[in-house]
Number of protein chains: 2
Amino acid sequence: MTTEELLARSVLNSWKLVIGRVDQLAASLSDEQLQQEVAPGRNRPIYLIGHLTVTHDLLFPLLRLGERLHPELDNAYLTNPDQTVPDPISSSALKKAWNEVNAKLTAAFESLTPAQWLERHNAVSEEDFAKEPLRNRLAVLMSRTNHASSHAGQILLALPSARNS
Amino acid sequence: MTTEELLARSVLNSWKLVIGRVDQLAASLSDEQLQQEVAPGRNRPIYLIGHLTVTHDLLFPLLRLGERLHPELDNAYLTNPDQTVPDPISSSALKKAWNEVNAKLTAAFESLTPAQWLERHNAVSEEDFAKEPLRNRLAVLMSRTNHASSHAGQILLALPSARNS
């Protein structure tokens with residue numbers, strides 16, 4: 001592999017590790033724990049998994065990688081706060097949607113060359129991108145990886161004895 | 001900038017954004033909020049900031065970037081769980097240590113070339129690294145960035161009205 005390929009591959013690997021961590025958390029939590037607020041008055045793990053599913057689904061148009069898979073989840077998990085809209089699907093159906101979105105995304109990511117990672121994302125204009133070349137697809141990937149890590153840290157609090165984790 | 005340089009620069013930018021987010025959280029929390037567990041029975045924000053300071057300080061030897069600045073914090077914030085050892089320094093002194101460590105680290109990061117980012121980190125042997133080239137300095141940087149994001153997500157819970165954040 002060239003230096004460019006190794007750099008891009010390392011970033012993609014970081015995404016995969018974080019997705020794997022959320023997968024593991026989602027699998028570890030009972031249905032009851034998924035419904036329990038991570039701290040008093042805060043989001044439930046199931047809401048956070050729905051929220052991550054939607055934000056990842058939105059990467060298809062943002063990164064020009066195809067059509068979204070689950071826009072029907074936006075109302076419950078993006079547009080509205082937790083516990084204001086009934087969960088539209090079961091926990092197991094939501095976990096299936098989470099896996100589908102990430103599998104299709106990751107497959108699309110694998111096909112991008114280093115130069116394609118450095119192309120602009122769709123929320124920045126050609127003009128602005130010419131001045132700010134760091135507003136590229138790779139920056140979006142890392143931003144979403146950090147976003148998923150942040151919520152994974154919160155979901156972890158729903159598990160017993162997670163002190164210092 | 002070359003493709004290599006832009007890729008490495010994008011990753012470093014992601015680190016800086018996350019450090020900035022933790023800086024902002026640390027500045028937003030009152031001394032009382034810093035001492036308040038992020039959820040019942042969980043870590044206090046001050047412990048998490050101490051823990052991040054220590055794990056970042058450990059990057060100096062791990063990435064061959066010089067000497068550690070604050071090994072005296074290990075006992076309170078790495079070796080032992082929260083609330084088992086008295087805080088060794090004041091909140092403001094700890095925030096100062098956090099800033100010092102990240103400033104010195106980030107300056108060292110800025111000086112690395114893309115090829116140097118792909119060199120092995122110090123916890124992997126030459127032999128293992130030959131087989132697993134993704135165990136490089138860049139992977140450590142992203143792992144620590146995700147780790148900081150994860151704890152930032154928890155620290156956020158100590159702020160009022162952080163629902164859906």
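How many of the 19 residues of helix 9 of chain A are buried? The answer is 16, so helix 9 of chain A is largely enclosed by the rest of the structure. A residue is buried if 20 or more other C-beta atoms, placed from the backbone, lie within 10 Å of its own, exposed if 12 or fewer, and partly exposed in between.

This is a predicted model, in which local features need pLDDT of at least 70, side-chain atom pairs count only at pLDDT 80 or more, and totals for chains, interfaces and linings use all residues. Residues are numbered from 1 along each chain as its sequence is written, while chains are lettered from A and ligands numbered from 1 in the order in which they are written.

**View 1**
Helices are DSSP runs (H or I, at least four residues), numbered from the N terminus. The expected span of a helix is 1.5 Å times one less than its number of residues. In chain B, helix 9 covers residues 137-155. Its reach from first C-alpha to last is 27 Å, close to the 27 Å expected. Of the 19 residues of helix 9 of chain B, 16 are buried, so this helix too is largely enclosed by the rest of the structure.

**View 2. Helix 1 against helix 9 within chain A.**
The two axes come within 10 Å and cross at roughly 25°. Axes are lines fitted to C-alpha atoms, for helices over the stretch in contact, and angles run from 0 to 180 degrees between N-to-C directions. That makes helix 1 of chain A roughly parallel to helix 9 of chain A (angles under 35 degrees count as such). Helix 1 of chain A passes helix 9 of chain A in a left-handed crossing (the near helix is turned anticlockwise from the far one by less than a right angle). Helix 1 of chain A contributes residues including A:Trp15, A:Val18 and A:Val22 to the contact. From helix 9 of chain A come, among them, A:Leu141, A:Thr145 and A:Ala152. Residues are in contact if their C-beta atoms, placed from the backbone, lie within 7 Å.

**View 3. Helix 1 against helix 1 across the two chains.**
Helix 1 (residues 3-28) of chain A and helix 1 (residues 3-28) of chain B have axes that come within 9 Å and cross at roughly 20°. These two helices are therefore roughly parallel to each other. The crossing is left-handed. A:Thr3, A:Glu4, A:Leu7, A:Ala8 and A:Val11 make the contact with B:Thr3, B:Glu4, B:Leu7, B:Ala8 and B:Val11.

**View 4. The rotation axis.**
Chain B can be laid on chain A by a turn of 180° and a shift of 0.0 Å along the axis, with an RMSD of 0.0 Å. That is the relation of a two-fold axis. Copies are superposed by least squares on the C-alpha atoms of residues with pLDDT of at least 70 in both. B:Ser150 comes closest to the rotation axis of the residues of chain B, at 2.0 Å (C-alpha). The copies meet through the same surface, because 100% of the interface residues of chain B are also interface residues in chain A.

**View 5. The surroundings of A:Ala158.**
A:Ala158 lies in the segment after helix 9 (137-155) of chain A. It counts as buried, with 26 C-beta neighbours inside 10 Å. Not counting residues up to four places away in sequence, A:Ala158 touches A:Leu29, A:Gln33, A:Gln36, A:Val38 and A:Pro45.

Key: Contact = placed C-beta atoms within 7 Å. Parallel < 35°, antiparallel > 145°, perpendicular 65-115°, else oblique.
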